[in-house]
Amino acid sequence: MKEKIIDEFCKEATRDIKKTKGKNIDGLIEKFYNIYKTEEKA
Amino acid sequence: MNELKGDLKITLENIGGYLGRQEFTIKEKGTKQDGKVLQGINRIKSPNAVGKSSFVYGLETLVLDEKDIENQRHFLNVFESEGRVELKTNQKEFIRRIYAKNGKLTVGGVQIYPEGDKAKVFAFAVEDNPLMEMVKRNEPLRAELLKFSGALEYEEVKKRLADKKAEHEREVQKYRDDLTKLKTLYQTKDQLEKKIEQYEEKRRQLPELPKDKVEKEAELIAKVGKKSKEKTEITKQIEAKKEEIKRAEIRINEFNQVLNRLKQRVKDFRQKHEDIERELEQLSRKRQEFTEKLEDLTQKQNIKQSELRDTNTNITRYTSFGQDYCFSCGQTITPQQLKQRLDKLNRDIKELGDDIEKKSLEKDRVTKAHTDLVKEKTTIETELEREIQNKEQTVRQEDNARNKAGTEINKFEPELVKINLALKELEKGLDEKTKNIMDQRSQIDTELGKLDERTKSIKKQLKDLGDTQAKIDEMLTKVKFFETASQHAEKTAHQLRTAVKENFDRRIMEIMGILEFKEFQKIYLDDNFNIRINRQRKGRVEPDTIHSLSRSEKETIGMVIMLAGMEEYLADFPFFVADETSFYDETRFNRLVGYISKKVPYTIVTQLVPMEKQENLVVEYE
């Protein structure tokens, strides 16, 4: 599950790099990190 | 993009060299013509400057992104400000318009392929193709070949995550430093609590005192305290007055010293000038004498000057008119007598002048001596006397202040004696033992108060740092997230790079095989996507660089890499366009075109034909 989260994060981050040169990457990190953290605690 | 089928009717209006409308038909692979099945190879043939490249501009206008057309002013005829390209099939129609504005082009209408930049790199073998240029200059192709693979974005994500990880690790270190601080604070808190316990134990061990005794003792102590305070107050006042006396005496001493100096100056002056009025009168008289003497000398000098003028007149009369007698007395006079008289008069005038100067200096000296003496007399009689009077008055004031302070001290001293007696009487009533215990209690309470304050402050700091461990745990989870994600991004980037490289290498060798380049054992991309060539000759294989290849070979390899890229990234793009193909080896170029035609529905190549053979542009279908 964690691998899937990381994979999804990387995909979205690369899309953001392509579209906006990574302007939203901090937001994406926060979003996916929170999901990852919940999974890590579970 | 499989929307284009069958014949394509392409109409150019004011594109490139074309003025007005020009129509072309491009045929798809598999179309039947004259009983034959076409390969989809459309050859645009013409001599120079008839419109081959303009046709390619038209295709680029249909395909490229707006930003890539913006600077291609030559796509539009130089005499026109608006042009258009239409592409029609049986089912569909696309129109793209271009407008010239401030030396640039703006674009309207529908783009036939959404990724025009990719198509430009891998499907348009034209003069300004970036990949072809890089191959010819032997530049690393990494960025260009990976641009559309996603690997570069994964590399960027990896880099950003690595930076974030490093940043958070630094933060963790900072929190760990806080943890060390926390440890020290806990130790200090423990020590303080131990000390508090020790003091409390000490207090408990002090003997109990009966309440009435404590109250009585406390009352006495309070009275002693009050008296001691009074004593301190009076002592303080006596000390202050003594200090005042000391300061007044210092000042009196200073003023007396100044007074003595002033009085000595007056005394010295009076001794020097015992009878000053007489002295001044003598100087005045002397000055008068000099004045009279000077007047006398000046008068004599004036007479001599007058005689000199007469003599000069006689000389003029003799010299100019030959008159040898004196015009004043009428006596005969010779030139020698005139000369002697003239010399003597000049000498007398000079001597008188010297005398006048000497006497004037002496008169000035006497006048100055008189003025200086008058000035000094005035200074002594007015300013110094006044200063002496002032200083004497100040000394008297200081003396009064000193005496006043002395009187006050005399008033305070009996009072102090009285207080000391009362204090002694009170202290007699105090029980030393009880007082000692009470003092110890009081000291312990003061210490406990201080320790309590320090403990409170440490507890506050501990509270502030309390969630440090939780913060560290959170940070470490984040660091782990960054690390895992960074590794994943790097792994994916590597997979993509490897896949792209392997695909390119495989396709390059496949196409090279079709073209029968037997002199090359291998053409491949190294890890940095530089083109590497291994030449072979008589069983020997040697690495070579692209610089040693002919122009035709370089362009062929450039096109081979384009084709490999087209298969990798442009599987659904319907065209492959090659403009100005005259540099290619004809046999190999035809094999290349054959290969292309198997991969795309529409292969479009432009070819130069000599003017003698053909005057107009013709499209041939194969």
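Me: What makes B:Tyr57 partly exposed?
Reply: In this predicted model, the relative accessible area of B:Tyr57 is 22%, and since buried means under 20% and exposed over 50%, with partly exposed in between, B:Tyr57 counts as partly exposed.

Me: And why is B:Phe75 called buried?
Reply: B:Phe75 has a relative accessible area of 1%, and because the label buried applies under 20%, B:Phe75 is buried.

Me: Why is the pair of B:Tyr57 and B:Phe75 called stacked?
Reply: The ring centres lie 5.1 Å apart, and rings pair if their centres lie within 6.5 Å; the planes of B:Tyr57 and B:Phe75 meet at 25°, whereas planes under 30 degrees apart count as stacked, so the pair is stacked. B:Tyr57 belongs to helix H1 (residues 52-63) of chain B, while B:Phe75 lies in the loop between helix H2 (66-69) and strand S6 (82-88), 18 residues apart.

Me: What makes the pair of B:Phe122 and B:Tyr569 tilted?
Reply: Here the angle between the planes is 35°, at 5.4 Å centre to centre, and because stacked needs under 30 degrees and edge-to-face over 60, the pair of B:Phe122 and B:Tyr569 is tilted. Both B:Phe122 and B:Tyr569 are buried.

Me: Why is H1(A) called roughly perpendicular to H6(B)?
Reply: Helix H1 (residues 2-20) of chain A and helix H6 (residues 151-205) of chain B pack at about 105°, with axes 9 Å apart, and since angles of 65 to 115 degrees count as roughly perpendicular, that label applies to H1(A) and H6(B).

Conventions:
Residues are numbered from 1 along each chain as its sequence is written. Chains are lettered from A and ligands numbered from 1 in the order in which they are written. This is a predicted model: local features need pLDDT of at least 70, side-chain atom pairs count only at pLDDT 80 or more; totals for chains, interfaces and linings use all residues. Side-chain values use heavy atoms; hydrogens and water are left out. Axes are lines fitted to C-alpha atoms, for helices over the stretch in contact, and angles run from 0 to 180 degrees between N-to-C directions. Helices (H or I, at least four residues) and strands (E, at least two) are DSSP runs, numbered from the N terminus. Angles under 35 degrees count as roughly parallel, over 145 as roughly antiparallel, 65 to 115 as roughly perpendicular and the rest as oblique. Rings of Phe, Tyr and Trp (its six-membered ring) pair if their centres lie within 6.5 Å; planes under 30 degrees apart count as stacked, over 60 as edge-to-face and the rest as tilted. Buried means under 20% relative accessible area, exposed over 50%, partly exposed in between (1.4 Å probe, protein chains only).
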